[in-house]
Amino acid sequence: MRGTNKGPADRVFQERLERVGDFAFDKKVADVFDDMVSRSVPQYGEMQRMLAELAGFFATPGSNIYDFGCSTGTTLALLHESLPVTTHLVGLDYSQDMLRRCREKLDSLGLNGEIELREANFDDKVEIDNASVCVLMLTLMFVRPLNREKLIRSIYSGLNENGCLLLVEKVISESSLFTRLFIERYYAFKRRMGYSELEISQKREALENIQIPYRLQENRDLLLNAGFREVDVFFKWYNFTGVVAVK
């Protein structure tokens, strides 16, 4: 898939840390993010392909398409390559280090100046307009729960009629049995991808205070309460879910 060059290997949590601080999308993470996400998110490439496919269905000529939490630009590059109509692509991220890596990747792909990048804090109000598609790829779970409704409502407000929001999230199950089972399967996946027990445990501790997943029904209710008329699941792998919502 174009735009998914893994780059340097992820060794952020390879060495034992005296104190594991909160996870941050800083330079050391941004520099290895492509490798990190490809080895940490099951079916990452397929999710990206599906996002682009669905975006292509809802995108309208001359509209804006926003990628909230664009990280290193993998989704933006794929959308630019695959969309059947001409749109204006906008990547949003709060991390300057991520935006730097994103610009470097886009420039390396010959997309100099063709995609707009903006720094944005999703815990504050984010203004968008004339949008046919908005993407939240593993982003909402990092927004403070008290601010998620405000963010979703601002996205809904900026979407055109029949526009869509594509949401991919880590989720927890309705029952503690399945929550434990699915998390165990997820850690087994990470072991298969070469992560050690130390790396898994230290990253889990680092994410504990900043990554707060919802139940699937909670995300669904959030979307419906904001005004979306159609909401459905397009992807599910244990504790990862993709949802499409239509205005």
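**Cysteines and a cavity in a predicted model**

Visitor: How many disulfides does the count come to?
Guide: The model is a predicted one, and a pair of cysteine sulfur atoms has to lie within 2.5 Å to be taken as a disulfide. By this rule the count of disulfides comes to zero.

Visitor: Which cysteine has the sulfur nearest to that of Cys70, and how far away is it?
Guide: Cys70 takes part in no disulfide, although Cys70 is a buried residue, with a relative accessibility of 2%. The nearest cysteine sulfur to that of Cys70 lies 4.3 Å away, and it belongs to Cys102.

Visitor: Is Cys102 buried or exposed?
Guide: A residue is called buried when its relative accessible area is under 20%. The relative accessibility of Cys102 is 0%, and Cys102 therefore counts as buried.

Visitor: What is the volume of the largest cavity?
Guide: When the whole structure is searched, one cavity of 30 Å³ or more is found. For the largest cavity, the volume is about 50 Å³.

Visitor: Which helix gives the largest share of the lining of the largest cavity?
Guide: The residues that line this cavity are Asp10, Val12, Phe13, Lys190, Tyr195, Glu199, Ile200 and Lys203, and they divide into four nonpolar, four charged and no polar residues. The largest share of the lining, three residues, comes from a helix spanning residues 197-207, namely helix α8.

How values were computed
Residues are numbered from 1 along each chain as its sequence is written. This is a predicted model: local features need pLDDT of at least 70, side-chain atom pairs count only at pLDDT 80 or more; totals for chains, interfaces and linings use all residues. Side-chain values use heavy atoms; hydrogens and water are left out. On a 1 Å grid over the protein atoms alone, a cavity is a set of points where a 1.4 Å probe fits but cannot get out, and a pocket is an open set with protein on both sides within 12 Å along at least five of seven lines; lining residues have an atom within 4 Å of a point. Grid points are joined across faces, edges and corners, and a volume is the space filled by probe spheres set on the points. Helices (H or I, at least four residues) and strands (E, at least two) are DSSP runs, numbered from the N terminus. Ala, Val, Leu, Ile, Met, Phe, Trp, Tyr, Cys and Pro count as nonpolar, Asp, Glu, Lys and Arg as charged, and the others, Gly among them, as polar. Buried means under 20% relative accessible area, exposed over 50%, partly exposed in between (1.4 Å probe, protein chains only).
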